[in-house]
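Reader: Hello! I would like a close look at one part of this model, and after that a walk through whatever connects to it.

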Amino acid sequence: MPDLKEEEIPLAGGEARAEETRKRRMTVNMGPQHPSTHGVLRVVVDLDGEVITQAAPDIGYLHTGIEKQCEAINWHQVVTLTDRVDYLANLSNNLVYALAVEKLIGDIEIPPKAQWMRVMLAELQRLSSHLVWLGTHALDLGAMSMLFYCFREREELLRIFEMFSGQRMMTSYIRPGGLALEPPRGWHQRVKKFADIFPSRIDEYETLLENNPIWLKRTRGVGYISVEDMLTEGITGPMLRGAGVAWDIRKSEPYSSYEKFDFQIATRTGNDVYSRYQVRMEEMRQSTRIIQQALDGMPEGPWKADAPKLTLPDREKMKTQMEALIYHFKIVTEGVRVPAGEVYQAVESPRGEIAYYVVSDGTSKPYRVYMRTPSFGNVQALGTLLKGRLLSDSIAAMGSMDFVLGDVDR
Amino acid sequence: MLPETLSECGPAATIEGRDPSIITGGHADRGEWTLLIAPERIVDACRILKERETFVRLSSVTAVDWYPAEPRFEVVYHLHSIERNQRLRLKCKVGGEAPEIDSVTGVWAGANWYEREVFDLFGVGFRGHPDLRRLMMPDDWEGHPLRKDYPVHGYKYSYKD
């Protein structure tokens with residue numbers, strides 16, 4: 001592949017070349033069932049030879065009206081829908097919704113154990129999501145074996161999620177008021193075993209890729225987009241950090257006691273596919289550190305808030321206590337009443353800023369749940385990212401964005 | 001005139017200092033600032049906030065339907081300043097038969113899809129938008145699903161079918 005600098009790329013234009021350009025022009029439809037788009041994204045690409053003159057992403061193929069459905073069910077039931085927004089970062093979505101509802105309610109105190117559990121689970125989720133990204137991204141660029149290595153570790157993560165919640169992916173484990181269930185017996189050893197072994201696995205991935213000349217050629221210097229464009233177009237997360245902007249919501253607006261954990265924001269300044277890869281690798285290392293700290297310092301105590309009107313009572317108590325039975329009946333049939341108001345709660349998901357704008361009118365159903373998802377903002381900038389680049393590089397550039405189409409369309 | 005709860009809100013004071021007719025109200029609630037902006041001045045407000053108050057990021061644009069109240073729609077803008085670590089919510093009330101508001105794509109290019117989404121799902125038009133088409137729903141879809149008078153299962157099918 002020729003090593004093209006930006007100014008040397010033969011962009012279409014100029015009167016003299018107009019006729020020849022018209023002959024060479026072609027419009028290619030990529031997707032919605034193209035494997036490298038990782039879902040049902042359609043991109044209409046105008047080509048001048050091998051160079052993309054315009055790329056227009058077309059979304060909506062996975063629109064399921066989640067925001068509309070949220071308005072028809074009660075506050076607790078919405079948790080199951082948040083799982084399905086970003087199906088690779090379920091716990092991050094559970095977490096942001098839970099935090100938003102708790103912020104609306106106001107006077108509720110989440111016990112430390114629940115908070116630390118949430119941090120640990122969110123970081124495990126980040127590892128799981130980054131592993132899917134690494135495996136499929138490397139697969140797109142021709143390093144096939146990476147997928148098997150990454151999914152080996154991801155399998156263990158999914159088993160851990162299953163141990164906690166009974167589900168591998170649609171966990172619904174983080175609920176308003178705490179957690180859904182008591183953490184299972186033996187979870188500590190299992191997560192510890194994973195966290196101990198995982199750093200060596202990251203080294204393993206790096207030896208596989210960093211010594212691979214094809215990988216380096218296809219990622220270094222590819223997929224540049226200026227920081228100004230990123231900010232105005234709404235790109236967040238590892239893409240922005242790969243361009244040297246040290247903005248991470250876990251640090252800037254700490255939630256769920258992230259301020260008590262010691263970790264660094266992973267940044268690189270290359271602003272290309274390779275930098276984004278490095279940022280995510282570093283993030284996996286930092287996440288493992290956070291998980292280790294959470295395991296070592298896990299506080300004792302209850303795993304959900306003492307708020308009988310919000311959280312479901314223990315099963316055992318329901319058999320012996322009248323109040324518990326009444327609260328259970330009220331919560332299940334009527335739902336929880338949340339005070340009127342509006343909040344905007346943001347957390348750092350594996351893909352960037354995920355924020356829920358939740359409006360309550362004081363009834364037992366949300367009046368409006370708006371999901372500001374990171375992939376939506378990122379995919380929007382695809383046109384700017386791909387313009388003037390080679391078609392063969394577009395796969396690498398798109399992969400480095402790490403979007404999930406469920407997250408885009410909702 | 002700024003409400004008292006917003007006395008500590010620097011960005012609001014800046015807008016107020018430049019043109020007192022832009023902000024029509026607002027409040028601070030649960031640690032979040034909300035400014036009510038006169039709908040025809042939204043672009044001015046955004047431009048001031050971006051250029052004078054470092055709100056370089058537009059986090060999202062969405063709407064809330066307060067049917068059957070009139071004006072029924074609230075268009076909601078969430079702004080974010082990385083430099084100051086601040087968030088700000090702007091709201092404009094629009095209503096009528098064909099609700100419309102000026103587009104802020106001239107200030108942040110990234111408003112493009114957010115406004116298209118609001119247009120698609122709420123039917124609020126954006127004047128000066130470069131490409132105002134449906135985003136999520138098919139082009140020939142009838143109605144705007146996120147409006148409160150639109151049934152959850154749509155017009156065409158019911159649970160009985």
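Which exposed residues does the face of helix 1 of chain B turned away from its buried side carry?

Author: Happy to take you there. Please keep in mind that this is a predicted model. The face you ask about carries the exposed residues B:G10 and B:G17. On the buried side of helix 1 of chain B are B:P11, B:A12 and B:I15. Looking down the axis of helix 1 of chain B, these buried residues fall within an arc of 100°, so they line one face of the helix.

B:L2 counts as partly exposed because it has 16 C-beta neighbours inside 10 Å. Leaving out residues up to four places away in sequence, B:L2 touches B:S7, B:A12, B:E16 and B:I23. One of these, B:A12, is a buried residue of helix 1 of chain B.

With 21 C-beta neighbours inside 10 Å, B:W33 counts as buried, because the cut-off is 20 or more. Setting aside residues up to four places away in sequence, B:W33 touches B:L6, B:C9, B:A28, B:L88 and B:R89. B:W33 and B:L90 are 57 residues apart in sequence, and their C-alpha atoms are 8.5 Å apart in space.

Helix 2 (residues 42–52) of chain B has its own buried residues, namely B:I42, B:A45, B:C46, B:I48 and B:L49. Seen down the axis of helix 2 of chain B, these residues fall within an arc of 160°, so they too line one face of their helix. They pack against helix 1 (10–18), strand 2 (32–37), strand 4 (73–81), strand 5 (86–94) and strand 6 (100–102) of chain B. Just after helix 2 of chain B, B:T54 takes a positive phi of about 55°.

The contact between the chains takes 27 residues from chain B and 31 residues from chain A. On the side of chain B, the elements giving two or more residues are strand 3 (57–65), strand 4, strand 5 and helix 3 (111–122). Strand 3 of chain B makes the largest share of that side, with six residues. By class, the side of chain B that touches chain A divides into 14 nonpolar, seven polar and six charged residues.

The axes of helix 5 (residues 112–140) and helix 6 (residues 145–165) of chain A come within 8 Å and cross at roughly 160°. These two helices are therefore roughly antiparallel to each other, and the crossing of helix 5 and helix 6 of chain A is left-handed. Among the residues making this contact are A:L124, A:L127 and A:L131 of helix 5 and A:L147, A:F151 and A:L157 of helix 6. The residues of this contact divide into 14 nonpolar, three polar and two charged.

Helix 6 of chain A also meets helix 7 of chain A, where the axes come within 11 Å and cross at roughly 165°. That makes helix 6 of chain A roughly antiparallel to helix 7 of chain A, and the crossing of the pair is left-handed. The contact includes A:Y149 and A:F164 of helix 6 and A:W187 and A:F198 of helix 7. By class, this contact has 12 nonpolar, one polar and five charged residues.

Helix 7 (residues 187–210) of chain A packs in turn with helix 12 (residues 273–296) of chain A, at an angle of about 160° and with the axes 10 Å apart. Helix 7 and helix 12 of chain A are therefore roughly antiparallel, and helix 7 passes helix 12 in a left-handed crossing. Residues of this contact include A:F198 and A:I202 of helix 7 and A:M284 and A:I291 of helix 12. The contact of helix 7 with helix 12 of chain A has nine nonpolar, three polar and three charged residues.

Definitions and conventions. Residues are numbered from 1 along each chain as its sequence is written. Chains are lettered from A and ligands numbered from 1 in the order in which they are written. This is a predicted model: local features need pLDDT of at least 70, side-chain atom pairs count only at pLDDT 80 or more; totals for chains, interfaces and linings use all residues. A residue is buried if 20 or more other C-beta atoms lie within 10 Å of its own, exposed if 12 or fewer, and partly exposed in between; C-beta atoms are placed from the backbone. Helices (H or I, at least four residues) and strands (E, at least two) are DSSP runs, numbered from the N terminus. The arc is that of the directions from the helix axis to the C-beta atoms. Two residues are in contact if their C-beta atoms, placed from the backbone, lie within 7 Å. Axes are lines fitted to C-alpha atoms, for helices over the stretch in contact, and angles run from 0 to 180 degrees between N-to-C directions. Angles under 35 degrees count as roughly parallel, over 145 as roughly antiparallel, 65 to 115 as roughly perpendicular and the rest as oblique. A crossing is left-handed if the near helix is turned anticlockwise from the far one by less than a right angle, and right-handed if clockwise. Ala, Val, Leu, Ile, Met, Phe, Trp, Tyr, Cys and Pro count as nonpolar, Asp, Glu, Lys and Arg as charged, and the others, Gly among them, as polar.
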